[in-house]
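Dear colleague,

I am handing over the structure below, and I would be glad if you could read the notes that follow with the model open beside them.

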Amino acid sequence: MNLVEWLQRIMVGFGAEWVMWLMIGLSVISVAIILERAWFFWSLRDDLVVLARDLRTSLDDSIEAARRRMEASPSAEAAVVSAGLAVAHQGPDAADEAMAGAAALQRMKLERRLAYLGTLGNNAPFIGLFGTVIGVVGAFDALGQAAKTPVAQAASQAMAPQAVMSSIAEALVATAVGLAVAIPAVAANNFFQRMIKSTLANTEALTRVLLAHLKSDPAFAGAAPAVAAEPRGKAARAARQDESKKGGAGEEER
């Protein structure tokens, strides 16, 4: 028995039914992920127009008022702005870095489990095609077995077309199951990816509102340079010693 015959016996023996059961199991996981992601995005919904307006209004009042308003919102955009408000006293640069880090974390939360949907949507048709190939192999095997049957066994020859049609039907069902699993996964993945892009765009808009306020306020605009320019540690002590030496030399010259 060569390799081809051995593989053919394995395919005909197992059939394409196990492929369809595998596809059904993968589809159950896919539906569970779709429902979980839909609930997650639904829990983050908020009126972004109102949120942006309230952010501008509360910033005119105080940073603390803006922080309370952002913490009251369940949206991912508000969580990113809250990270910037927490370090707003350190200046616009610190707030910008904090919001960039928070946006990266929020993006990871938004994209969680979506890789499964993308992978399943791309590969489910190929898995279904594999079941189709197995069904076609079974159909040709039935034709081959009928050709080997003696002419006297007419009943066996009459059963051969039925076996062939059954194998072909099984092959077509495997293809249909693969497409039925792939289409919802691809559609849901595209929908969620679009929502993620919209969320990140809204986040960018809100962060610009906060940074514009911090840069326009002199109390915050000069916070970062003042801290950066202040000498610390050994450098500060060395600077003070140099100044004292220069002062002593000036007194001696006098």
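**Salt bridges**

Glutamate 64 and arginine 67 are three residues apart in helix H4 (residues 63-71), so about one helical turn separates them; helices here are DSSP runs of H or I with at least four residues, strands being runs of E with at least two, and both are numbered from the N terminus. The model is a predicted one, in which local features need pLDDT of at least 70 and side-chain atom pairs count only at pLDDT 80 or more, while totals for chains, interfaces and linings use all residues. Residues are numbered from 1 along each chain as its sequence is written, and side-chain values use heavy atoms, with hydrogens and water left out.

The side chains of glutamate 64 and arginine 67 form a salt bridge at 3.8 Å, N to O, the term being used for a side-chain nitrogen of Lys or Arg within 4 Å of a carboxyl oxygen of Asp or Glu. Both partners are partly exposed, glutamate 64 with a relative accessible area of 39% and arginine 67 with 25%, where buried means under 20% relative accessible area, exposed over 50% and partly exposed in between (1.4 Å probe, protein chains only).

Six salt bridges are found in a search of the whole structure. Another joins glutamate 204 to arginine 208 at 2.8 Å, N to O, and these two residues lie four apart in helix H8 (residues 154-216), about one turn of the helix. Glutamate 204 is partly exposed at 38%, as is arginine 208 at 47%.

Arginine 37 forms a salt bridge with glutamate 36, with 2.8 Å between the closest N and O atoms; arginine 37 counts as buried at 1% relative accessibility, whereas glutamate 36 is partly exposed at 30%. Glu36, Arg37 and Arg113 are linked in a network of salt bridges. Arginine 113 lies in the loop between helix H6 (92-110) and helix H7 (114-148), is partly exposed with a relative accessible area of 43%, and has a phi near 70°, a positive value in a residue other than glycine. Most residues other than glycine have a negative phi.

**Helix H2, the cores and the surface**

Helix H2 (residues 17-43) has 27 residues and reaches 39 Å from its first C-alpha to its last, close to the expected 39 Å, which is 1.5 Å times one less than its number of residues. Among the buried residues of H2 are Met23, Ile33, Arg37 and Phe41.

In the largest nonpolar core, which has 21 residues, Leu55, Leu59 and Leu85 touch the most other members; such a core is a set of buried Ala, Val, Leu, Ile, Met, Phe, Trp, Tyr and Cys residues joined through side-chain atoms within 4.5 Å. Helix H3 (48-61), H4, helix H5 (76-86), H6 and H8 each supply at least two residues of this core, and its largest share, five residues, comes from H8. A second, separate core of 20 residues includes Met23, Leu110, Leu120 and Val181.

On the surface, Leu3, Trp6, Leu7, Ile10, Phe14, Trp18, Leu22 and Phe130 form a nonpolar patch with about 810 Å² of accessible area together. Patches of this kind join nonpolar side chains (Val, Leu, Ile, Met, Phe, Trp, Tyr) within 5 Å, taking residues with over 30% relative accessible area and no salt bridge, and the areas come from the Shrake-Rupley method with a 1.4 Å probe. Five residues of the patch, its largest share, come from H1.

With best regards

Key:
Patches are made of residues with over 30% relative accessible area and no salt bridge: like charges are joined within 9 Å, nonpolar side chains (Val, Leu, Ile, Met, Phe, Trp, Tyr) within 5 Å.
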